[in-house]
Amino acid sequence: METLTRTRIVELFAKKPFGTTVKVKGWVRTRRGNKQVGFIALNDGSTIKNLQIVVDLEKFDEETLKPVTTGACICATGKLVKSQGKGQEAEMQADTIEVYGTADPQTYPLQKKGHSMEFLREIAHLRPRTNTFGAVFRMRHQMAIAIHTFFHERGFCYFHTPIITASDCEGAGQMFQVTTKNLYNLKKDENGSIIYDDDFFGKQASLTVSGQLEGELAATALGAIYTFGPTFRAENSNTPRHLAEFWMVEPEVAFAELPELMDLEEEFIKYCVKWALDNCKDDLQFLNDMFDKGLIERLQKVVETEFVRLPYTEGIKILEDAIAKGHKFEFPVYWGCDLASEHERYLVEEHFGKPVIMINYPKEIKAFYMKQNDDGKTVQGTDVLFPQIGEIIGGSVREENYDKLLARIEELHIPMKDMWWYLDTRRYGTCPHAGFGLGFERLLLFVTGMSNIRDVIPFPRTPKNAEF
Ligand code: 4AD
Ligand code: MG
């Protein structure tokens, strides 16, 4: 007999080869039935849809079927037919069933009943087998493809920046150190400072918080580049929006100035959201129905809406007006303050009702590399603020003037020994350029409608949590 190769369930539903014998492999979601006939709902991860396998109990003995319980892995062959029942177009009439791996009903944690998101985080090694996480992780994949496609189509070069680095891009001191030193026996100088000479890299090294600085080196050679990789922040923020390890997309474009930067930010997000609408229909429908009835509509709206472009100073006026009219904020509002998420949400959700690109921030609250405006007070930073999410993108035009950049580095006491190579871009053939960083998981929060960032990355790393 010729061997039958396995077909993925997504293909069976797409091609519907009715009347032919097919082979499927996957994990049992449920098994039910009566004395004559059994129904197995099988999922192989290729789609949120289960294939119903109809088992004529006259053809199978009880011993074969007994281990076919929720969570078990099986291989089944049989004829694909039009479904008799409601809710699916195709089903399989089983000829053979082979059990690859059983799942003891007494201990397998994913029984049919609904589980809380908190519980599922504790079993992050198994949660991809649920409908919800299957949908989220398929969408995560689709968004990664959307990102690469967007930049590739526009001539950007995918550039790999280092994960281990000796410089702190954001200057916020939130870096995880990388060392091979014996932490119980550290060599120190007479002032008590650690001597790194004999450490692996011969200097203090850390996990990167951003690939931007190296991205700028690449953009001032290749023209337009993007990075897409993991970044790390040792900030002790236990919020539904922060991870200690997250993925960031960072394009950097030579010759781009503020309007072009904002256009790129807006076009990029809209492209990704539209990609989700076009390529993740079944998963989106599921998430919409189960978690967030307004999800699909919200995504459609963002694709069609023009983002507001708002100078920081005007944003502060709007917030002050709101306070004057009786609106209460927990944190004070004044020119120069770093906006809290309640302020951002007021602007985006209540005042404008659409995404906002905020620009021209006070230089004191932004990083050293942002282009200084002529007013001497503000810099050309751009934060894209989204409903529910808050900041989804942080970007800026870069200060390309050597003297101005150096002055800022000195003002902020950033150690020069770490910065010589960065300053060389301004010494040799400097040019206007701009770029931004999009938090991949923040984008995923928006497109999946999930409410906690721990639920859009397979294995979240947060303070006091590095399980799996
Ligand atoms: O605003 P940030 O800190 O900007 C930078 O790192 C720049 N160097 C980017 C650039 O211009 N190339 O971070 C960029 C984005 C934020 O807008 C947010 O979406 C995300 O990264 N982000 C986080 N996401 C999850 N967990 C965290 N702890 C995050 N910190 C920032
Ligand atoms: Mg930021």
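Visitor: Which atom of ligand 1 sits 3.0 Å from a polar side-chain atom of S210?
Guide: A nitrogen atom. This is a predicted model: local features need pLDDT of at least 70, side-chain atom pairs count only at pLDDT 80 or more, and totals for chains, interfaces and linings use all residues. Residues are numbered from 1 along each chain as its sequence is written, chains are lettered from A and ligands numbered from 1 in the order written, and side-chain values use heavy atoms, leaving out hydrogens and water.

Visitor: How much of ligand 1 does the protein bury?
Guide: Of the 630 Å² that ligand 1 exposes when taken alone, 93% is buried by the protein. Those areas are Shrake-Rupley with a 1.4 Å probe; for residues, only the protein chains shown count as cover.

Visitor: Which elements give two or more residues to the shell?
Guide: β11 (245-254), β15 (390-397) and β16 (433-439). Helices (H or I, at least four residues) and strands (E, at least two) are DSSP runs, numbered from the N terminus.

Visitor: Which one gives the most?
Guide: β15, with five residues.

Visitor: How many residues surround the ligand, and which are closest?
Guide: 25 in total, and E170, Q212, E235, E250 and E391 are the closest. A residue counts if one of its heavy atoms lies within 4 Å of the ligand.

Visitor: New topic, D383. Where does D383 lie?
Guide: In strand β14, residues 378-386.

Visitor: Why does D383 count as buried?
Guide: Because its relative accessible area is 5%. Buried means under 20%, exposed over 50%, partly exposed in between (1.4 Å probe, protein chains only).

Visitor: What does the D383 side chain make a polar contact with?
Guide: The side chain of K366, at 3.1 Å. A polar contact is a pair of N or O atoms within 3.5 Å; within protein, one must be able to donate a hydrogen and the other to accept it, and residues adjacent in sequence count only if both atoms are side-chain atoms.

Visitor: And which residues is D383 in contact with?
Guide: Leaving aside neighbours within four places in sequence, V356, I357, M358, Y361, K366, E391, I393, G394 and G395. Contact means heavy atoms within 4.5 Å.

Visitor: How many aromatic pairs does the structure hold?
Guide: 22. One of them joins Y312 and Y361: tilted, 5.6 Å centre to centre, with 45° between the planes. Rings of Phe, Tyr and Trp (its six-membered ring) pair if their centres lie within 6.5 Å; planes under 30 degrees apart count as stacked, over 60 as edge-to-face and the rest as tilted.

Visitor: Buried or exposed, Y312 and Y361?
Guide: Both Y312 and Y361 are buried. F459 and F468 also form a tilted pair, at 6.2 Å and 45°. F459 counts as partly exposed because its relative accessibility is 36%, and F468 is partly exposed too, at 39%.

Visitor: Which residues form an aromatic cluster?
Guide: One cluster takes in F150, F151, F156, Y158, Y226, F268, Y271, W275 and F436.

Visitor: Backbone check. What is the phi of N360?
Guide: Positive, about 55°, although N360 is not a glycine. N360 is in strand β13 and is buried, at 19% relative accessible area.

Visitor: And the phi of K464?
Guide: Also positive: about 65°, and again not a glycine. K464 lies in the segment after α13 (440-448). It counts as exposed because its relative accessibility is 88%.

Visitor: Last one, helix α5. Which of its residues are buried?
Guide: In α5 (residues 212-222), they are Q212, L213, E214, G215, E216, A218 and A219. They pack against β7 (164-165), β10 (224-232), β11, α12 (420-427) and β16.

Visitor: What follows α5?
Guide: G223, with a positive phi near 95°.
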